[in-house]
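Subject: Structure handover

Hello,

Here is the structure I promised to pass on. Please open it first, then read the notes below.

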Amino acid sequence: HKTVCKCSGPGKRLACRNTNKATECAKTCGRTKKPSRKTRKPRFQPTRRPTPRPTPAPLGSIAGCVQEDSDNDDIGDISLSGVPISLIQNGAVIATTVTRNCLYIFSGLPKGNYVVMEMNVPGISL
């Protein structure tokens, strides 16, 4: 490859076309022009063998709000706190929580089918 440095001094212009002269020219004027690079190979290549562990599937969550519908118009009227909520998978309770300001959340769940069940609280008809 050729390195080209073009320098101009008082009354003269110097063009260096080979590496040795370009180095000398760079010492004189401080300028060098790097050779153009052709297409580069990508930095990361696929591996020949599979990676030791597959990337884990992202975990999900289920959340909601429990409200009392006091006038049966299918719109929650009163937010309820303290309502026990169960998360069921394959007929078994796998987690429970209690609503706080009507809200509940079950997080860190793998992909699957779940059932959310509200438990009756004395004095509140759900």
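Leaving aside neighbours within four places in sequence, which residues is Asp-77 in contact with? They are Glu-68, Asp-69, Ser-70 and Asp-71; contact means heavy atoms within 4.5 Å.

Some ground rules before the rest. This is a predicted model, in which local features need pLDDT of at least 70, side-chain atom pairs count only at pLDDT 80 or more, and totals for chains, interfaces and linings use all residues. Residues are numbered from 1 along each chain as its sequence is written, and side-chain values use heavy atoms, with hydrogens and water left out.

Back to Asp-77. Asp-77 sits in the loop between strand E4 (67–68) and strand E5 (78–79). Strands (E, at least two residues) and helices (H or I, at least four) are DSSP runs, numbered from the N terminus. A polar atom of the Asp-77 side chain lies 3.5 Å from the backbone nitrogen of Asp-71. For reference, a polar contact is a pair of N or O atoms within 3.5 Å; within protein, one must be able to donate a hydrogen and the other to accept it, and residues adjacent in sequence count only if both atoms are side-chain atoms. Asp-77 is also 6.4 Å from Gln-67, C-alpha to C-alpha, and the two are ten residues apart in sequence. Asp-77 is partly exposed, because its relative accessible area is 36%. The cut-offs are these: buried is under 20% relative accessible area, exposed is over 50%, and partly exposed is in between (1.4 Å probe, protein chains only).

Next, the sheet. Three strands form an open sheet in the order E7-E6-E9, with antiparallel pairing. Two strands pair if DSSP finds at least two bridges between them. The edge strands are E7 and E9 (115–118), and each pairs on one side only. Neighbouring strands here are turned by 25 degrees against each other on average, direction ignored. Those angles are taken between N-to-C directions and run from 0 to 180 degrees, with axes as lines fitted to C-alpha atoms (for helices, over the stretch in contact).

Now the pairs within that sheet. Six bridges join E6 to E7. Pro-84 has Val-98 in E7 as its bridge partner. Four bridges join E6 to E9. Leu-87 has Val-116 in E9 as its bridge partner.

The hairpin of E6 and E7 has two residues between the strands. Asn-90 lies in that loop, between E6 (84–89) and E7 (92–98). Its phi is positive, near 55 degrees, and Asn-90 is not a glycine. Most residues other than glycine have a negative phi. Asn-90 counts as exposed because its relative accessible area is 77%.

Cys-102 also has a positive phi without being a glycine, at about 75 degrees. Cys-102 lies in the loop between E7 and strand E8 (103–109). Is Cys-102 buried or exposed? Cys-102 is buried, because its relative accessibility is 5%.

How many disulfides does a search of the whole structure find? It finds one. The pair is Cys-65 and Cys-102, with sulfur atoms 1.8 Å apart; the cut-off for a disulfide is cysteine sulfur atoms within 2.5 Å. Cys-65 lies in strand E3 (residues 60–65) and Cys-102 in the loop between E7 and E8, so the bond ties together parts 37 residues apart in sequence. The torsion about the S-S bond is about -105 degrees, so this disulfide is left-handed. Cys-65 is partly exposed, because its relative accessibility is 36%.

Thr-99 lies in the loop between E7 and E8 too. Thr-99 is buried, because its relative accessible area is 3%. Its side chain reaches the backbone nitrogen of Val-83 at 2.9 Å. Not counting residues up to four places away in sequence, Thr-99 touches Val-66, Leu-80, Ser-81, Gly-82, Val-83, Ile-85 and Tyr-104.

Last, the core. The largest nonpolar core has nine residues: Val-66, Leu-80, Val-83, Ile-85, Leu-87, Tyr-104, Phe-106, Leu-109 and Tyr-114. Such a core is a set of buried Ala, Val, Leu, Ile, Met, Phe, Trp, Tyr and Cys residues joined through side-chain atoms within 4.5 Å. E6 and E8 are the elements that give two or more residues to this core. E8 gives the most, with three. In soluble globular proteins, nonpolar side chains tend to be buried together.

Best wishes
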